[in-house]
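The following paragraphs give a guided reading of the model shown here, from the fold of one chain to its interface and then to individual side chains.

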Amino acid sequence: MTSVTLYALSGMVVVAVCVYGLVSYPHLIRKILAINVMGSGIFLVFLSFSRRVPGENPDPVPHAMVLTGIVVAVCATAFALALARRVHEVTRSSYLPEEQDPPEEAG
Amino acid sequence: MTGSAIVVPIMLPLLAATLTFFFRRGAITMSLLTAAGTIAAVVVLSLEVMDQGPLSYTIGGWDAPLGIELYADGLAAVMLLMSAFVGTAITVYAAGYFSGKPAVARHFWPLWMFAWSSLNVIFLSADIFNLYVGLELMGISAVALLTLEGERDALTAGMRYLLVSLLGSLAYLLGVALLYGTFGVLAVQEIGEQMFPSPATWTALALVTAGMALKTALFPLHFWLPPAHSSAPSPVSALLSALVVKGSFYLLLRLWFDVFPEAVTPAAGQLLGILGAAAIVWGSILALVQRRLKLLVAYSTVAQIGYLFILFALLTPEAWSGGVYHALSHAFAKAAMFMAAGTLMHALGNDDLDTLDGSSERFPLSVYAFGLAGITLMGLPFSGGFTAKWLLLSAALETGQWWYVTVVLFGGLLAAGYLLRALAHLLTPTPTVKVQHEPARGTEATALILACVALLLGLVSAPILELLQVGAPLGSMIP
């Protein structure tokens with residue numbers, strides 16, 4: 001197994017763990033953190049591809065994409081945290097009210 | 001003018017977003033000027049595409065992979081026309097709707113301009129990473145718009161929508177990473193030319209499709225849509241249902257036919273088609289049992305999204321055009337419907353169907369707009385919805401997949417059921433209609449004009465379908 005494959009697969013594992021965290025933990029902060037770390041997992045996959053061609057200089061394009069991705073992730077996380085605070089202020093709860101789902105989709 | 005008209009639909013709303021954020025006084029004027037400028041640019045661009053074929057434009061002369069390339073074919077032009085005209089109507093409606101709420105309006109204008117700009121970015125981007133940026137910007141501004149009034153239902157629905165939207169975009173981004181790792185390029189066209197079936201490309205296809213199905217609310221991933229679309233302020237409901245879901249649908253369409261054609265299997269297309277058919281039936285049944293008008297309209301969106309996905313199973317030029325035409329006519333009809341419902345809800349205090357009894361006597365224009373928009377959703381001749389369904393039906397017969405014919409026709413009947421149930425309430429004469437607020441000037445007329453356009457789309461479909469064939473992936477349906 002080459003180091004490129006190893007890094008890419010580790011990134012995929014991080015993403016998979018975060019998807020599990022996002023769907024199985026109801027607390028909003030945990031969900032937001034799961035999304036945030038999922039982004040980092042994807043960035044790891046991206047960066048692993050910058051050494052796609054062995055022996056050559058690293059490809060700079062993945063770095064540019066990851067930098068842009070980090071900016072987007074920071075904004076998204078900040079907005080999600082602010083929204084979670086508003087939800088907590090108004091509903092006095094850090095969980096989404098599941099009963100607001102139509103009954104046939106609860107779960 | 002050649003070439004530069006393509007940046008206007010992105011730059012103009014972006015400029016307006018920045019200006020309306022700093023200068024609140026002229027926000028409405030600036031937004032209306034932006035709308036007019038966007039329409040002019042999009043019409044010029046469409047004529048150029050019709051005349052010269054697909055256009056591409058490199059911003060600032062920087063080539064890929066560092067620069068950003070824009071691309072407009074018939075599909076992009078039709079989607080831009082949709083966003084320009086529906087967006088203008090939303091701007092006019094919102095000017096009236098928010099006239100008594102300066103605190104909300106202050107944030108509405110910059111966010112709406114951001115959402116509009118990012119939608120146009122999605123329609124015009126030629127590389128898969130820029131599409132991600134557009135998608136993420138659109139998702140965040142859409143959630144911010146939805147939670148503007150800060151009501152309890154809207155906040156929780158918005159929180160759920162944000163998590164769903166971020167998960168969908170990240171799935172797409174992981175797909176982008178895999179595609180870049182496999183091909184080393186980002187341009188849609190170049191990846192499409194080099195595409196080959198392999199585990200990496202199949203994983204990318206699955207990730208992108210699942211992410212976009214989640215963001216477009218395809219059954220069974222539609223759980224977030226009805227609470228989000230029904231609890232938003234009415235101009236926002238209109239733009240979410242009419243435009244925002246079309247953004248992620250457009251992305252899926254673009255990728256399936258321009259990036260992945262060599263990797264998709266007929267079984268994958270059938271899966272999307274079957275989920276679409278299930279969405280039509282399930283969404284319509286749930287719309288039939290709703291007690292609130294805006295929820296009914298939101299479940300109708302779940303059902304109407306189903307029609308868009310049938311084209312992935314039929315795979316003929318007619319089906320492709322029919323699906324896109326459905327997206328177009330649904331945008332006009334659904335925006336009109338949410339606007340009319342919003343006017344009635346604002347005027348009568350809430351949108352419980354019983355409260356709305358007899359609204360036709362006081363607000364005939366809004367009820368008329370609701371009914372006319374309903375004609376397109378039911379697909380009655382000669383509305384825009386009829387043309388779309390006609391194309392889908394003939395494609396289903398041509399490919400011998402008669403079960404889609406049944407679903408499309410049955411879906412029309414169910415739509416008639418839930419819409420007539422709402423109309424029956426609106427038309428019931430009642431002596432006790434208590435009006436709490438008079439509707440703002442222009443809001444009722446805007447809904448009516450949009451509904452009329454949705455109807456007219458059935459009569460003037462020829463030039464639009466012809467524009468759509470420019471650069472169509474499955475070949476032209478016009479011999």
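Two residues are in contact when heavy atoms lie within 4.5 Å of each other. By that criterion, among the contacts in chain A between residues at least 6 apart in sequence, 55% join residues at least 24 apart. The structure is a predicted model. Its chain A is built from three helices and zero strands, and the order along the sequence reads α-α-α. Of the 107 residues of this chain, 38% count as buried.

With a relative accessible area of 22%, A73(A) is partly exposed, because the buried class requires a value under 20%. Between A73(A) and A16(A), which are 57 residues apart in sequence, the C-alpha to C-alpha distance is 18 Å.

The next subject is the interface. Chain A contributes 39 residues to the contact and chain B contributes 38 residues. The area buried between chain A and chain B is about 3,500 Å², and carbon and sulfur atoms give 79% of this area. On the side of chain A that touches chain B, the elements giving two or more residues are α1 (3-24), α2 (28-48) and α3 (61-91) of chain A. The largest share, 15 residues, comes from α3(A). By residue class, this side of chain A divides into 26 nonpolar, five polar and eight charged residues. How many salt bridges does the rule find across the interface of chain A and chain B? The rule finds zero salt bridges there, and it finds one residue pair in polar contact, with both residues at pLDDT 80 or more.

Over all chains, however, the structure holds eight salt bridges. In chain A, the side chains of R85(A) and E89(A) meet in a salt bridge, at 3.9 Å from N to O. Both residues lie in helix α3 of chain A, four residues apart, which is about one turn of the helix. R85(A) is exposed, with a relative accessible area of 60%, whereas E89(A) counts as partly exposed at 43%. A network of salt bridges links R85(A), R86(A) and E89(A).

In chain B, R254(B) takes part in two of the pairings described here. One is with D73(B), where the side chains meet at 2.9 Å, N to O. This pair links distant parts of the chain, 181 residues apart: R254(B) is in helix α10 (residues 234-259) of chain B, and D73(B) is in the loop between β2 (69-72) and α3 (74-97) of chain B. R254(B) counts as buried at 5% relative accessibility, and D73(B) is buried at 3%. R254(B) also forms a salt bridge with D258(B), the closest N and O atoms being 2.8 Å apart. R254(B) and D258(B) are separated by about one helical turn, because they are four residues apart in helix α10 of chain B. D258(B) counts as partly exposed, at 22% relative accessibility.

The last topic is the cysteines. C18(A) is buried at 7% relative accessibility, while C75(A) is partly exposed at 43%. A search of the whole structure finds zero disulfides over all chains.

Conventions: Residues are numbered from 1 along each chain as its sequence is written. Chains are lettered from A and ligands numbered from 1 in the order in which they are written. This is a predicted model: local features need pLDDT of at least 70, side-chain atom pairs count only at pLDDT 80 or more; totals for chains, interfaces and linings use all residues. Side-chain values use heavy atoms; hydrogens and water are left out. Buried area is the accessible area (1.4 Å probe) that two parts lose on being put together, summed over both. A salt bridge is a side-chain nitrogen of Lys or Arg within 4 Å of a carboxyl oxygen of Asp or Glu. A polar contact is a pair of N or O atoms within 3.5 Å; within protein, one must be able to donate a hydrogen and the other to accept it, and residues adjacent in sequence count only if both atoms are side-chain atoms. Ala, Val, Leu, Ile, Met, Phe, Trp, Tyr, Cys and Pro count as nonpolar, Asp, Glu, Lys and Arg as charged, and the others, Gly among them, as polar. A disulfide is a pair of cysteine sulfur atoms within 2.5 Å. Buried means under 20% relative accessible area, exposed over 50%, partly exposed in between (1.4 Å probe, protein chains only).
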